[in-house]
Amino acid sequence: MTTQTAWPENVIARYLTVAGSSLGRDDLAVDLTHRLTEHNPPKPFATLASCAGCPATEEVSHYRTNWGSEEHDPEAADADARIWAQSHAETCRAISKPV
């Protein structure tokens, strides 16, 4: 049985790790969030995948260089971050240290 916990604020996707799955803890996950600029209003500039069980993270920029010009492509960044998060969650057996 999985212990249901509320997702942290601003989490846009969550991937349960092997450790979380085997222990029935959905807080042992890889969370995706958007990194925001300090502008007013803040705007997303990257998608961050971070594991709650270990220090692994992956940041994917929303900006891509294409033939010398820069394009804003948050959907592609989200997709790349999701691929990394899924792959990491499938293998991570780390358990975060209790607070």
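1. Start with one residue pair. Ala 46 has Ser 61 of β4 as its bridge partner. The model shown here is predicted.

2. β3 covers residues 44-51, and five bridges join β3 to β4. The two strands run antiparallel. Strands of a sheet pair through backbone hydrogen bonds, either parallel or antiparallel.

3. Now the sheet around them. The sheet is open and has four strands, in the order β1-β2-β3-β4. Its pairing is antiparallel. β1 (11-16) and β4 (57-61) stand at the edges. Each has a single partner strand, so one side of each is left without a neighbour in the sheet. On average, neighbouring strands of this sheet are turned by 20° against each other, direction ignored.

4. What lies across the sheet strands? Helix α2, residues 74-91, lies across β1, β2, β3 and β4. Helix α2 runs at about 155° to β2, which spans 29-36.

5. Next, the chain as a whole. The protein has two helices and six strands. Along the sequence the pattern reads β-α-β-β-β-β-β-α. Among contacts with a separation of 6 or more, 36% come from residues 24 or more positions apart.

6. Dimensions and surface. The C-alpha atoms fill a box of roughly 50 × 30 × 20 Å along the principal axes. The protein has 99 residues, and 32% of them count as buried.

7. Last, charge. The protein carries 8 positive and 14 negative charges.

Notes:
Residues are numbered from 1 along each chain as its sequence is written. This is a predicted model: local features need pLDDT of at least 70, side-chain atom pairs count only at pLDDT 80 or more; totals for chains, interfaces and linings use all residues. Side-chain values use heavy atoms; hydrogens and water are left out. Two strands pair if DSSP finds at least two bridges between them. Axes are lines fitted to C-alpha atoms, for helices over the stretch in contact, and angles run from 0 to 180 degrees between N-to-C directions. Contact means heavy atoms within 4.5 Å. Buried means under 20% relative accessible area, exposed over 50%, partly exposed in between (1.4 Å probe, protein chains only). Lys and Arg count as positive and Asp and Glu as negative; His and the chain ends are not counted. The place of a charge is taken as NZ of Lys, CZ of Arg, CG of Asp or CD of Glu.
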